[in-house]
Amino acid sequence: MKTIDLHVHSCCSDGSFTPEELVALAQSAGLSAFALTDHDTTDGIGQALLAAEGSGLEVVPGIEFSTRWLHRDIHILGYYIDYRAQSFQETLHGFLAARDVRNRQMCERIREQTGIPITVETLSGYFPDAVITRAHMAAWLADMDYVETRAVAFDKYLGEHAPCFVPKTQVTPEDAIRLIRSHGGIPVLAHPLLYALSKKQLRQLVGSLKESGLKGIEAVYVLNRGSDEAFVRSLAEQYGLLVTGGSDFHGKNKPHIALGTGIKQSLAVPYELLEELKAAGGIGR
């Protein structure tokens, strides 16, 4: 069976591998395709496409938007966006400017409360070319031995209920869906079971997003257990959505998850899902 991975992060956001390294890793893993879906940036797509040129490996241009709904982070994946469009990049730069303000506020709170000399400039120097996120803050704090592990950094400082947390600027899932669709892309709800929503709330979310233009839902996911995939597939059928799947690969930042195969080779995303995605978006016609 030809397999793919439609949820992959590079060092351009909070992964540890360069786009070129991901291409090599995907080839060695025997994947037929993977989607680069960095958080709120498309900076690595060109590099990945160039590295895969002539290899037979398909690189799907993608992105993962962080949004807010009912005081929860909701992630919207976008595939095959015209990411080079000036209007798209201008909107992304606005998102990144808001992220930078938030990063500076969180670093300031950590400095004030602990005396740890963390700054955005320090993080940018330590993680060159990356879009700085809380994951980078946690990694730096652990690497500098200010905390035992990255998980401890989130528990003590960075998590949603921790003292140094600053909420994100409110970008709604509908905002992300409109942006993706207005630039020719296919919007998909990422890992719907991670948001700690009741089944009623999840159906409310999916139904509302379907009305706003949602086209798919990530049913084949690395952290699925038991009947999880079957339940999400039932939501896809109920709301007429495409099914996608991926490992949410972050490299060394989530070392237990392998590209394409997930945890202990428990994941296998069939190529047919990509064919259906491309057909829905008119890709390759």
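Select S4 (72–79) and S5 (residues 186–189) first: the two strands pair in the antiparallel sense over four bridges, where strands are DSSP runs of E of at least two residues, helices are runs of H or I of at least four residues, both numbered from the N terminus, and two strands pair if DSSP finds at least two bridges between them. This is a predicted model, in which local features need pLDDT of at least 70 and side-chain atom pairs count only at pLDDT 80 or more, while totals for chains, interfaces and linings use all residues. Residues are numbered from 1 along each chain as its sequence is written, and side-chain values use heavy atoms, with hydrogens and water left out.

Staying on S5, show the bridge partners: proline 187 is the partner of glycine 78, and isoleucine 186 is the partner of tyrosine 79. With side chains displayed, Ile186 and Val188 point one way from S5, whereas Pro187 and Leu189 point the other way, and all are buried (buried means under 20% relative accessible area, exposed over 50%, and partly exposed in between, with a 1.4 Å probe and protein chains only).

Now widen the selection to the open sheet of eight strands, whose order is S7-S6-S5-S4-S3-S2-S1-S8, with mixed pairing. S7 (242–246) and S8 (269–270) stand at the edges with a single partner strand each, so one side of each has no neighbour in the sheet. Helix H2 (residues 45–52) packs on the sheet and touches S2 (33–36) and S3, its direction making about 160 degrees with that of S3; contact here means heavy atoms within 4.5 Å, and the angle, on a scale from 0 to 180 degrees, is taken between N-to-C directions of axes fitted to C-alpha atoms, for helices over the stretch in contact.

Two loop residues deserve a stop for their backbone angles. Most residues other than glycine have a negative phi. Aspartate 40, in the loop between S2 and H2, has a positive phi near 60 degrees, and it counts as buried because its relative accessibility is 6%. Histidine 191, in the loop between S5 and helix H8 (199–212), has a positive phi of about 20 degrees, and at 6% relative accessibility histidine 191 also counts as buried.

Finish with the pockets. A pocket is an open set of points on a 1 Å grid over the protein atoms alone, where a 1.4 Å probe fits and protein lies on both sides within 12 Å along at least five of seven lines; lining residues have an atom within 4 Å of a point. The largest pocket has a volume of about 1,000 Å³, a volume being the space filled by probe spheres set on the points, which are joined across faces, edges and corners. It is lined by 31 residues, of which Asp14, His75, Arg134, Phe154 and Lys254 lie nearest its centre, and H5 gives the most to this lining, with four residues.

The second largest pocket, of about 260 Å³, is lined by 20 residues, with Cys11, Gly15, Ser16, Phe127 and Ala130 nearest its centre.
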